[in-house]
Amino acid sequence: MRKRTFAREAALKILYAMDIAKEPAEECSRKYWQENDTKDESIKEFARSIVYGVETNLAEVDRIITRHAENWQLSRMATIDRNVLRIATYELLYCKEIPPKVAINEAIEMAKKYGDKDSGKFVNGVLDKIKNTEASKVSS
């Protein structure tokens, strides 16, 4: 598994724990790395940047997801889908070094791996709308 893919999956698991346990990023990250340690600091650093980036921009990220997830309230989405969308939306809006296609493809693969049978399609549809509207606004 590529380093950034591994880091995104770690970030997903940390965000999932934050969502379920209602604990801060620092606590969930500490617990995660205590049980899933890696010697590669670049993996930890990339995961940390995603987790804290999502946490810092959560209100904006959630607002954008809600705008583009037609007929879906954020609170009614599966926890995995919601957090996969948060990661990719954060990357689309705030990580200009990550090509949109990469952010979306990684999100779809995580949704397929950790979500239910329709998660990949759902995530793809929402992110495509975000990429075509919001991400282009931020880029210009």
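Residues are numbered from 1 along each chain as its sequence is written. Because the model is predicted, local features need pLDDT of at least 70 and side-chain atom pairs count only at pLDDT 80 or more, while totals for chains, interfaces and linings use all residues; side-chain values use heavy atoms, with hydrogens and water left out.

Helices are DSSP runs (H or I, at least four residues), numbered from the N terminus. In helix α2, which spans residues 25-35, the buried residues are Ala-25, Cys-28, Ser-29, Tyr-32 and Trp-33, where buried means under 20% relative accessible area, exposed over 50% and partly exposed in between, with a 1.4 Å probe and protein chains only. Seen down the axis of α2, these buried residues fall within an arc of 125°, so they line one face of the helix; the arc is that of the directions from the helix axis to the C-beta atoms. An α-helix has 3.6 residues a turn, so residues three or four places apart point the same way. On the other side of α2, Glu-26, Gln-34 and Glu-35 are exposed.

**Packing against α1 and α3**

The buried residues of α2 pack against α1 (3-21) and α3. The table gives the geometry of each pair, with axes being lines fitted to C-alpha atoms, for helices over the stretch in contact, and angles running from 0 to 180 degrees between N-to-C directions.

| Helix pair | Angle | Axis separation |
|---|---|---|
| α1 and α2 | about 125° | 9 Å |
| α2 and α3 | about 155° | 11 Å |

Angles under 35 degrees count as roughly parallel, over 145 as roughly antiparallel, 65 to 115 as roughly perpendicular and the rest as oblique. α1 and α2 are therefore oblique to each other, whereas α2 and α3 are roughly antiparallel. α1 passes α2 in a right-handed crossing, and the crossing of α2 and α3 is right-handed; a crossing is right-handed if the near helix is turned clockwise from the far one by less than a right angle, and left-handed if anticlockwise.

Contact means heavy atoms within 4.5 Å. From α1, Ala-10, Lys-13, Ile-14, Ala-17 and Met-18 meet Ala-25, Cys-28, Ser-29, Tyr-32 and Trp-33 of α2, and the residues of this contact divide into eight nonpolar, one polar and one charged. Here Ala, Val, Leu, Ile, Met, Phe, Trp, Tyr, Cys and Pro count as nonpolar, Asp, Glu, Lys and Arg as charged, and the others, Gly among them, as polar. Towards α3, Ala-25, Glu-26, Ser-29 and Trp-33 of α2 meet Ile-43, Lys-44, Ala-47, Val-51, Tyr-52 and Glu-55, a contact with six nonpolar, one polar and three charged residues.

**Single residues**

Lys-44, in helix α3 (residues 41-56), is buried, with a relative accessible area of 14%. Not counting residues up to four places away in sequence, Lys-44 touches Trp-33, Asp-37 and Thr-38.

Ala-111 lies in helix α6 (residues 100-114) and is buried, with a relative accessible area of 0%. Leaving aside neighbours within four places in sequence, Ala-111 is in contact with Val-84, Asp-116, Ser-119, Gly-120 and Val-123.

Lys-22, in the loop between α1 and α2, has a phi near 55°, a positive value in a residue other than glycine, and counts as exposed at 65% relative accessibility. Asn-71, in the loop between α4 (58-68) and α5 (79-94), has a phi near 65°, a positive value in a residue other than glycine, and counts as exposed at 82% relative accessibility.

Key: Helix = DSSP H or I, 4+ residues; strand = E, 2+ residues; numbered from the N terminus.
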